Amino acid sequence: MFIYWNQYVSFMEPKIFSTKERVKALGKILSSPEQEIKVRKLAKEAGVSHSQISKYLKILRKQNIVNKKVNLENPITRAIKILLNLNKVEQCSLIQIILK
């Protein structure tokens, strides 16, 4: 899934990345770190129930990744943001385009 997935995820809570929906929700959260997290809006964007998002946010709060907003002071949060950005680069084949 990610270019460097196995190397970096081992120090993080595995539940953070346990489903595609959680990764999608996390991407949505980290794409707008300055905005307050709204459970119902995030659930709709991620395509899951608001109760699933609430449970997921509880896991993220426990890891100090989010509170009402994203905690960019946390180095793990910044590392996750970098991993998700690398995934976007890989998915759009940008590296292959640059190397040509």
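**Contacts along the chain**

Among the contacts in the protein with a separation of 6 or more, 58% join residues 24 or more positions apart; a contact means heavy atoms within 4.5 Å. The structure is a predicted model, in which local features need pLDDT of at least 70, side-chain atom pairs count only at pLDDT 80 or more, and totals for chains, interfaces and linings use all residues. Residues are numbered from 1 along each chain as its sequence is written, and side-chain values use heavy atoms, with hydrogens and water left out.

**Confidence**

The mean pLDDT (the predictor's confidence in each residue, from 0 to 100) of the protein is 84, and 87% of the residues score at least 70. Over residues 1-5 the value is below 50. Where pLDDT is low, the predicted coordinates should not be read in detail.

**Helices**

The protein has 6 helices and 0 strands; these are DSSP runs, numbered from the N terminus, with helices (H or I) of at least four residues and strands (E) of at least two.

**Burial**

Of the 100 residues, 33% are buried, that is, under 20% relative accessible area with a 1.4 Å probe, protein chains only.

**Helices α2 and α5**

V23, L26, G27, L30 and S31 in α2 are in contact with T77, I80, K81 and L84 in α5.

Technical notes: Buried < 20%, exposed > 50% of the residue type's maximum accessible area, 1.4 Å probe, protein only.
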